[in-house]
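Student: I have a model open and I'd like to learn how to read its features. Could you walk me through a few?

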Amino acid sequence: MKFLAYARDTHHLGMLLDTETVFDLTTAWPDDAITPAPRHVGELLALGDAGIERAQTLAREHAGAARFTARLADLRLLAPIPRPRKNIFCIGRNYREHIIEGNRARGRDPHDFPKVIEVFTKPPTTVIGPDAVIAAHAHVTRELDYEVELGVVIGKSGIDIPAEKAMEHVFGYTIINDISARDLQKAHGQWFKGKALDRHCPMGPWVVHKQAVADPHTLSIQLDVNGERRQDSNTADLLFKIPDIIAQLSAGMTLEAGDIIATGTPSGVGLGLVPPRYLQKGDVVTARIEGLGVLRNTIGD
C-alpha cells in the first residue's frame, strides 16, 4: 500500500492503485463514518487500525468507480503529512561513510563514531512536498546542502519501546531531503537552526506501508544534483538500525502515531566534497530510495 496526499479543492488522502491511478479516499469516505474523512496520512493514522482497515475496504470495493479515481500525473502531490503535529525527529551522523567524511571535513578523527544516536529536530514549517520549491534563504545562508534520508512513519504510539518490538510501531516509509544550512550549523554551535529554515524538508512522494518493504535495511539510496550523482549508498550502512533508533528515542519519551523519524544520510553531501559544493538557485535535487519512489525539488529564491 502507498498512501499520499494531494491538493484539489482541499487536501485529499489517496491510495496508489497502480503506477498511474490514485484512489481518492477522502471523497470515498462514507458520510455515516463516525470520524471525518482523513485528508492526509497523519489523519489516517490518528484513526488507528480501524482507519487503515476502512481505507483498504473502500479501495477494494470502489476502485473501479471513476468518481473516486484520478490520474497520478494530473495531481499536485503534497507531503504525505503536509503539516506534522510535531517536529520531525532527525538522526545525525548515522551512516558510517558519512561520519567519516564529516569528521575529515571538520578535522576530526575519521573513525570517531557516535556511541548513541545524535538527535535534532526540524519544525513542521520546514515540510514541503514533491516538486515544491526549496527556499534558498540567500540572505541567511550561503552554504545550502542536501541530505537524502529514509523516513520512518510511526503508526502505533508507545514509550520505552524495546528494540525487539520496535518494528510493531512502524507504519511505513517515505523519502526525506534534510536540506541544511552548514554555515548556520557552524555559527550556532548546534544543528537546530541550520536545519530548521522554512521549506527545508522535502518529503514524499508517498508513504509505503511496511508490508511492502521486505527489509528497510537493504535499500539503495541515492541523490542527484542536476543529473549528477552525489550520494549513492545503501541503508545497510546505517550505524544505528531502525529498532535501535526507536528504542533510544522512546526511552522515557512517547512516540505517537504520525511521528516522523529521519534516519540519517549517507556520504556524498556537499560539505564533504573537496572543495565543498553547495546548492545554488535553479539546481534540481532528485532523491531516490529503492521501492519508495522519487522526490524531486528545485532551489528557488
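Student: How much space lies in the largest cavity?

Tutor: Start with the general idea: rolling a probe the size of a water molecule over the atoms shows where empty space is left. On a 1 Å grid over the protein atoms alone, a cavity is a set of points where a 1.4 Å probe fits but cannot get out, and lining residues have an atom within 4 Å of a point. Points are joined across faces, edges and corners, and the volume is the space filled by probe spheres set on them. Here the largest cavity holds about 170 Å³, and the structure has one cavity of 30 Å³ or more.

Tutor: Before we go on, this is a predicted model, where local features need pLDDT of at least 70, side-chain atom pairs count only at pLDDT 80 or more, and totals for chains, interfaces and linings use all residues. Residues are numbered from 1 along each chain as its sequence is written, and side-chain values use heavy atoms, with hydrogens and water left out.

Student: Which residues lie nearest the centre of that cavity?

Tutor: Arg 93, His 98, Glu 147, Arg 182 and Trp 191, out of 20 lining residues. By class, the lining has five nonpolar, seven polar and eight charged residues; Ala, Val, Leu, Ile, Met, Phe, Trp, Tyr, Cys and Pro count as nonpolar, Asp, Glu, Lys and Arg as charged, and the others, Gly among them, as polar. Helix H4 gives the largest share, three residues. Helices (H or I, at least four residues) and strands (E, at least two) are DSSP runs, numbered from the N terminus.

Student: Is Lys 195 buried or exposed?

Tutor: Buried means under 20% relative accessible area, exposed over 50%, partly exposed in between (1.4 Å probe, protein chains only). Lys 195 has a relative accessible area of 2%, so it is buried. Lys 195 is in helix H6 (residues 192-195).

Student: Which side chain does the side chain of Lys 195 make a polar contact with?

Tutor: A polar contact is a pair of N or O atoms within 3.5 Å; within protein, one must be able to donate a hydrogen and the other to accept it, and residues adjacent in sequence count only if both atoms are side-chain atoms. For Lys 195 the partner is the side chain of Glu 147, at 3.2 Å.

Student: How many residues of helix H7 are buried?

Tutor: Seven of the nine in H7 (residues 242-250), among them Ile 242 and Leu 249. Just after H7, Gly 252 takes a positive phi of about 75 degrees.

How values were computed. 1 Å grid on protein atoms, 1.4 Å probe; cavity = no way out; pocket = protein on both sides within 12 Å on 5 of 7 lines; lining within 4 Å.
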